[in-house]
Amino acid sequence: MRIVVVGGGMVGHRFAQEAVRLDPGADVVVVGEEPYEPYNRVLLSEVVAGRSDLSAVVLPEAPGVGRRRGVRAVGVDLAARHLELDDGARVTWDHLVLATGARARVLPLPGLEAGDGRLVIGAHVLRTIDDARGVVAGAVNATRACVVGAGAIGVEVACGLRGRGLEVTVLASRDGVLDRDLDPRVSAVATRSLADLGVHVVPRAGVRAVEVSHGHVDAVVLEDGSHVPTDLLVLATGSVPRTELAVDAGLAVGKGVVVDEDLRTSHPDVSAIGDCAETPDGVSGLVAPGWAQAAALAERLLRDRPVAPVPVQGAALRLKAVGLDVVTAGVRASTSGPDDRVVSIDDGGARRFVELVVRGGTLVGTTCVGAPELAGRLSMLLDRPGIMPPDPLQLLVGVPDEQVGSPTAMPPSTTVCRCNGVTKAAVLGAWDAGCCTLEDVVETTRATTGCGGCRSLVCGLVEWLQQVDPPSSHEASQERERGVAAR
Amino acid sequence: MAAEPRDFPTNRGGMCQKGWTSADLLRTPDRLARPLRRTSEGFEEVSWDEALDDVAARVLALRAEHGPDAAAVFGGGGLTNEKAYQLGKFARLALRTRLVDYNGRFCMSAAAAAANRSLGIDRGLPFPLTDLQDADAVLLLGSNLADTMPPAVQHLAAVRERGGLAVVDPRRSATARLADDRAGIHLSLRPGTDLALLQGLLHVVLGEGLADVAYLRDRVEGVEEVRRSVAQWWPERVASVTGVPAGDLRRVAHLLADASPHRGGRGAFVLTGRGAEQHVDGSQTVGAAIALALALGLPGSRRGGYGAITGQGNGQGGREHGQKADQLPGYRSIEDDEARAHVAEVWGVTPDDIPRSGVPAVQLLSSLGVDGGPRALFVHGSNLVVSAPRASAVRERLQALDLLVVCDVVPSETALLADYVLPVTQWAEEDGTMTSLEGRVLRRRRAVTPPPGVRDELWVWAELARRLDAPGTWSTDASEVFDELARASAGGRADYSGLSHARLDTGEALYWPCPSADHPGTPRLFTDGFPTADGRARMVPATVTGPDDDVRPDAPVHLVTGRLLQHYQSGAQTRRVTQLRDAAPQAHVEMHPSLAARIGLDGAEPVRVTSARGSMVATARVSPDVPPEVVFVPFHFAGADLVNALTNDATDPVSGMPEFKVCAVTVERVDVAESMLHPSQEAVS
């Protein structure tokens, strides 16, 4: 069986990898329009931020996968089972996998288009490696940047450019950033954090036009007529599933290529995965569900195993923004049910928000802004029945650390030397038995002779003993013991 | 007779309780002093001749009926170099079996396989331990050395002063606490995700331009494959798998990079322990740790490197001289015809007299007493019914044997199952050598006379070899055996041929390889190249798969196991030392207050922990030092609190290392479990 994959992006590539992993003899051909080796699109905002070299985004090639790079699929003949390519070639398939992904949404703004589908100089989207190169190059000579859109990519790019020293303005379509992924009060906390980083967020900013000067972006004009001057414009206004091929072939298409839970399109031998696919749960747009779909489809095609439904809603968002830590996964307050327990801590003053949602004794949702430790801890508990405490609040409240007291205040049973199991009581006992120097105590109890980490503690104990119970007064040690007990 | 610390470079004059009390073991009341034979009523004392005659006769009878592989050998990493060497030779020449392996398979095999593959050689630390003192950063993965070898913590003092200690452990162990107070950072990860964490560190190092590009170009193969493979592991994704915040991951990557020589640092070390290694992807995990060290230009730089923290007393030497299934002395491959010819000549046999590779420990143990499997087993320096994974299955396999011979010092749980228990010498009663975690060969000298009736294993093997009509010579003098070992190792990777007891007795600090009598030894490896075919090290790309037995709705908690400060290994020895036993008499189940609350625990009550393989009961110890979804149980105990009854015997396909360090369990209050049992029992009655 020959499987042809249209789209060499992260999901199409992953499908091919999984297919040859399951069956090294599988006949899989990937057709992709980008001329590059497969790369990790998720890292493009990291490239913009300067945290990742371009060379470090290249993904491993799976051996045994056929590849057609730099050619675009222009037509599908479902009856003849052909894929037509823009170089005139035809590729036959037994099963066709559409992984055509999505394209960046470009708002129809006056001034933005420079003809033949290109954007005016200084304006960019961020979808491909070429886009990332363009943004990085543009940032070199820019002092001001404007990001349209306050979703994850918009915020990551804004933080990345801010980190490069640019003045950055984010134009948010609603009140705050990440409003699709976060409930309003959480979004508010994230927005304040962004402001702390020096990123200017304009809420409810409708964009009317782009002003161009000498063929280069000069400013963005808002609905209220105000101008946001900028040298670099990045459009992060979402993406649109690429469905042209499916439409032309006569497959069912809604927002994306419509598939059932088995990832099958309206034609039984054509499947769709990734950002182009509209599953019963919706269109994804994140890589994790796309990868899960790729693995599931490979299992179905190569092993004939049923596909476990891949949830798209509630997929985890982990922001990769320099200086802003946001993680949300699963159910949140606004999507919770009437019987769910929603526990949240809104600590906006500290730019921190933590929320967890518990359903029937299982953690089903967690949202953390500015709380990376807790985010890590809670994400390990997500969707795992059988481990939540009766009171979910217990997970959010730190357990006080054991008191490491001063030598005088610590109880006699406190272990001072772990290596040799020496308690404070043992040191007191050694003192009463006639030890009067640190060396004596060490000799008798062996405290400090292991790793030596307790040396200062034992020194402190001995100094204290020398003060309150100097060797000359050893006969009077009974009194000291009473004194200790009285403390 | 007492033990006193010496000011030696590794311990710097320090000793922990295990050292201070070690002399007590020489006086343990139930010390074995006569050969014992199993009878229907228990054991009876027999003479050495009677025991050895019968053992040899039964081996010969089994061999006649089933062939030479009817006998198998299980050795130990606590044996001296001389014994480890002689045991491998005894298996191959006297028993004529290919089936020999040892408990080091449970200990160092993953690190060994990865180091051999990437660096061309396996010496735990390819540098003296004291080198750590000059470093700016040390990354410790899955090692709790503050409990396992406390004096070694002294070497971390300077690194901690500089804020450079990074400890990776699900638990906030004693070692993780060393990073408190700005001494460094503790990364608490989901059990079994060490490989993903390392992929993330490599991602940051390679992606953010922190790597030593010149070093990679000149000294390393496979960089491109690894660069691509870690492109899939950006820190936020790693966070979703490991629970370690992306920011902490980046911080550690930068900490290591800034400490590395190519960026002007004073040195950086990447060290692994069993916590990172005892997994089904253990050798891949170590491979990634080595790749990280290579990316930073550390191995061979004199200011950094990769090292595995060796566990058992002679965990290093024990894995070099032939008690491993696929190995001949000098760390040679038993499948290499040149090596076979060399060793055959030293042994005075033909290469055809040396059997080929056997099978690794878990496979060996699971084949005992089954159709076509071995019928007899010799056990030396190992208490495998306590220390092997899925211990209850191992017990069944031992009970299915026709002949089990256990050489030990005390009646260990494994010895109590034997047909013959043979009493042998222990540490201060014998001569020999050990090789430390840093590859330095150390003398062990006889200080006391063993009890009458106790024999050295060298003598036992010589006597059995004679009765089995084995070829070759069978010296009972450790110095002579060492000389033979030295000749057999000549030209091998672990070359001891320039060493002798006499030379070691001068006190010279000698690290292998030491290929001639005038060679000064090799404290630091890789300074001029790697002992690979092309002289270059190898980065190996990894595939993250996760634990074999991962949590699921009916087993929602991760179990991790490890050591206590007071004990080592199966506890057969340390549980017999009063002071150690009193300090830690039994296992406990360390769990987070939130898990304790969930199962309705009220204080230090007994709890039952159950995996797909078995169950144990021990008292809960409630502590915020373990994550809420993890329990920790120490593995030194053999009663109802035997945790290896639960551990997973799935193994790493490369090294044969079992996945001791993570499996899925349920945890419940014992009274709840009991009350759930009773109704059904009543119904049956």
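**Notebook: strands, interface and core**

I started with strand β9 (residues 268–272) of chain B, which runs parallel to β10(B) and is joined to it by five bridges. Strands here are DSSP runs of E, at least two residues, and helices are runs of H or I, at least four residues, numbered from the N terminus. I count two strands as paired if DSSP finds at least two bridges between them. I looked up one partner: Val270(B) bridges to Tyr306(B) in β10(B).

The model is predicted, so local features need pLDDT of at least 70 and side-chain atom pairs count only at pLDDT 80 or more, while totals for chains, interfaces and linings use all residues. Residues are numbered from 1 along each chain as its sequence is written, and chains are lettered from A, ligands numbered from 1, in the order in which they are written.

Next I traced the sheet around β9(B). Its five strands are parallel and open, in the order β7-β6-β5-β9-β10 (chain B). β7 (184–187) and β10 (304–308) of chain B are the edges; each has a single partner strand, so one side of each lacks a neighbour in the sheet. The twist averages 10° from one strand to the next, with axes fitted as lines to C-alpha atoms and angles taken between N-to-C directions, from 0 to 180 degrees.

**Core**

Which residues have the most contacts inside the largest nonpolar core? They are Ala166(B) and Leu292(B), in a core of 379 residues. Such a core joins buried Ala, Val, Leu, Ile, Met, Phe, Trp, Tyr and Cys through C-beta atoms within 7 Å. Buried means 20 or more other C-beta atoms within 10 Å of the residue's own, with C-beta atoms placed from the backbone. Leaving out residues up to four places away in sequence, I find Leu292(B) touching Val270(B), Leu198(B), Leu201(B), Leu202(B) and Val205(B).

**Interface**

I then turned to the two chains. 47 residues of chain B are in contact with 44 of chain A, contact meaning backbone-placed C-beta atoms within 7 Å. On chain B, α23(B) gives the largest share, five residues. The chain B side divides into 28 nonpolar, eleven polar and eight charged residues. Nonpolar covers Ala, Val, Leu, Ile, Met, Phe, Trp, Tyr, Cys and Pro; charged covers Asp, Glu, Lys and Arg; the others, Gly among them, are polar.

**Chain A hairpins**

Last, I checked chain A. β4 (residues 73–77) and β5 (residues 82–85) of chain A pair antiparallel over four bridges. Arg81(A), in the turn of this hairpin, has a positive phi of about 55°. His82(A) in β5(A) is the bridge partner of Asp77(A). His82(A) also has Thr92(A) in β6(A) as a bridge partner. In the hairpin of β5(A) and β6(A), Gly88(A) takes a positive phi near 90°.

Methods. Contact = placed C-beta atoms within 7 Å. Buried ≥ 20, exposed ≤ 12 C-beta atoms within 10 Å, placed from the backbone.
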